[in-house]
Amino acid sequence: QVETLKEKLLEQAQEISRLRSELGGTDAEKHRDLLAAENERLRQEMKALEGELQRQQQAPCRDCPHLQENAELQEQLSQLQREAEETRARLVELDLEVQQKTNRLAEVELRLKDSLAERAEEEERLSRRLRDSQETIASLKSQPQQIKYIIKTVEVESAKVKQALCETQSRNQYLQEQVGMQKQVLKEMEQQLQSSQKTEAQLRAQIMMYEAELERAHGQMLEEMQAMEDEKNHAIEEAFSRAQVEMKAVHENLAGVRTNLLTLQPALRTLTHDYNSLKRQVRDFPLLLQETLRSARAEISQAIEEVHSTNRELLRKYRRELQLRKKCHNELVRLKGNIRVFGRVRPITKEDGEGPEAANAVTFDADDDAVLHLLHKGKQVSFELDKVFPPQASQEEVFQEVQALVTSCIDGYNVCIFAYGQTGAGKTYTMEGTAANPGINQRALQLLFSEVRGKAADWDYTITVSAAEIYNEALRDLLGKEPQEKLEIKLCPDGSGQLYVPGLTEFRVQSVEDINKVFEFGHIKRVTECTNLNEHSSRSHALLIVTVRGLDRSTGLRTTGKLNLVDLAGSERVGRSGAEGSRLREAQHINKSLSALGDVIYALRSRQGHVPFRNSKLTYLLQDSLSGDSKTLMMVQVSPAEKNTSETLCSLKFAERVRSVELGPVSRKAELGSWPSQEHLEGDSPGSSAPAGRGHASPSPGQLSSRSASIRRKLHTSG
């Protein structure tokens, strides 16, 4: 239908063109049209010339280069005048300074004259006293009687005179020193006066030079302005004469055009009539065209809507089939006992730096949330896991995928969730989280409490928690009084073949507050250090063991489920992490235990008869979780930074190998029997086991003793 409408539009356009060609007119009419166009052009040119002439008369020589030079010269002149003003101001300041120094010199001279006058008066007074004393001595010598008394008096008076004379001499010396100092000051001020006079003479010479240069520039500017005025007048005269010639030609053309117009008026009336007729036809054509286009748009919109509806239905069916496929795959994984593997990519952080090394090398599949792509050395490598979480995924979204495993612990199944990846990839954040945004550990216990409260009408549950770490191939209790005590892994004496740790502290938790206390107590004692790759690098493998014991009061059925939450220490390259000393020894033990875990996965995948669980304390402790009697989930943590692509590639390849391991169907731990008493449970709890052990490179016991003791008292009180 659209093609048919296009053909109709083309035919109507051709019909309009034909009608226009039939109404074209004779050669005389065409000549008349040409003359009318020429007349209009001449009128426009005449108006343009008149406007140009008026602009030249009103603002002559506006864009003349001489005006620009004149403006530059005026600007230079104003600049020189400003410099002259600044020089004059400086000269006034120097004159004022010279006047001040002259006044000071006059004051010094007056003080010097006063000092000299005082000195002369003092010398005259002492001389008079000396002459009087000598005369008195002479007269006394001439008297024979009372010689002894007179001599004493003269001696006394003579001593007083001598003392006064000494004082006068010292004062005279002081005044002479003052006179010398004043002369020195006078000399310095004379030198400063001479230098100021020299500076004044130089400044006056510069001012005279600037004034001469200003006079010369002013004269040049006047000459150039006169020359520019002459050129402007000459240009105006030439333009005026040229405009007069052109106006004369225009008037002659206008006379010819008027003659042609008088002869072409009848033809113009005929043409106007034909034009009005054609205009009416053209006016009716858009209405027909709009109606046709409206119907075409309606049909096209209907077709597009049908296609969109079909696409939405197909997309809905595809998503439904994808969910069904994933559900069937999960059921197959459960029946086979495969280790489920989730991947989580952390965001780019400021610790990754800037530039090409901090670029994002990990991308995701928009249609499949189980596939991610890694760009390594220019090549894209794809990996398929059970679920992939992008950097923007929240802790809540991650826990929603694992909460089904956590709740199966209440039904008597053993569950193990462990985080694997290089150092700094976010394992501890996923497992422990922060106080404001907790991770899997705390959310799992909160979910268990919620489920237990929901079944409280028919079931009695007891939840106990233990925490341990493997540091340098030594198993240590994080909730014990002495965390440095080394524990051993042994087989249960009941013949079940399961492993347990004698002496491992076990606390009973009944509320979220108890959980927070346990986590805080264990977090204090866990070994973390700063390396080049991670500011808070975990230097040990941390294990949180949650045991859920349940009793069905109506049937007497007892269930025991164990939830192992493992935060593995991150693998690291010693050259990049900068580990030295004890950090180097820790890194070697961590890499050795992770290598042993890789050997166990390889043996399980290839179905070998012997699986080397005992090559490491880590694999030996995870033997129950990896030997087919547990629902196991591995959370592989990777970094998206370009500089960490080698470690990310190794982690994802290991995750694919782990995903292919089949452990077999999981059995439920349930039996009929009597429920042990509360006293028996508390008596069996190894919370009061004997303390022993030595310290390690973590914070010293002295730093933690007070806080650990207070938290332990709270735990025993609430537990």
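1. Buried means under 20% relative accessible area, exposed means over 50%, and partly exposed lies in between (1.4 Å probe, protein chains only). At 3% relative accessibility, Phe389 falls in the buried class. Phe342 is buried too, with a relative accessible area of 7%.

2. This is a predicted model, in which local features need pLDDT of at least 70 and side-chain atom pairs count only at pLDDT 80 or more, while totals for chains, interfaces and linings use all residues. Residues are numbered from 1 along each chain as its sequence is written, and side-chain values use heavy atoms, with hydrogens and water left out.

3. On aromatic pairs: rings of Phe, Tyr and Trp (its six-membered ring) pair if their centres lie within 6.5 Å; planes under 30 degrees apart count as stacked, over 60 as edge-to-face and the rest as tilted. Three such pairs turn up in a search of the whole structure. One of them joins Phe342 and Phe389, and it is edge-to-face because the ring centres are 6.0 Å apart and the planes stand at 75°. Phe342 belongs to strand E1 (residues 340-345) and Phe389 to strand E5 (residues 387-389), so this pair ties together parts that are 47 residues apart in sequence. Helices (H or I, at least four residues) and strands (E, at least two) are DSSP runs, numbered from the N terminus.

4. Helix H5 (residues 395-408) has 14 residues. The expected span of a helix is 1.5 Å times one less than its number of residues. For H5 this gives 20 Å, and the end C-alpha atoms are 20 Å apart, which agrees.

5. Two side-chain contacts deserve a check. Lys631 lies over the face of Tyr413, at 4.4 Å from the ring centre; a charge sits over a ring if NZ of Lys or CZ of Arg is within 6 Å of the ring centre and within 35 degrees of the ring normal. The side chain of Thr645 makes a polar contact with that of His376, at 3.3 Å. A polar contact is a pair of N or O atoms within 3.5 Å; within protein, one must be able to donate a hydrogen and the other to accept it, and residues adjacent in sequence count only if both atoms are side-chain atoms. Thr645 is in helix H13 (residues 645-659) and is buried, at 7% relative accessibility.

6. Which residues have a positive phi without being glycine? Lys377 is one, with phi of about 55°; Glu473 is another, with phi near 60°. Lys377 lies in the loop between strand E3 (371-376) and strand E4 (379-384) and is exposed, at 73% relative accessible area. Glu473 lies in the loop between strand E7 (459-471) and strand E8 (474-477) and is partly exposed, at 22%.

7. A disulfide is counted where a pair of cysteine sulfur atoms lies within 2.5 Å. The count is zero. Cys166 is partly exposed, with a relative accessible area of 49%, and Cys650 is partly exposed at 49% relative accessibility.
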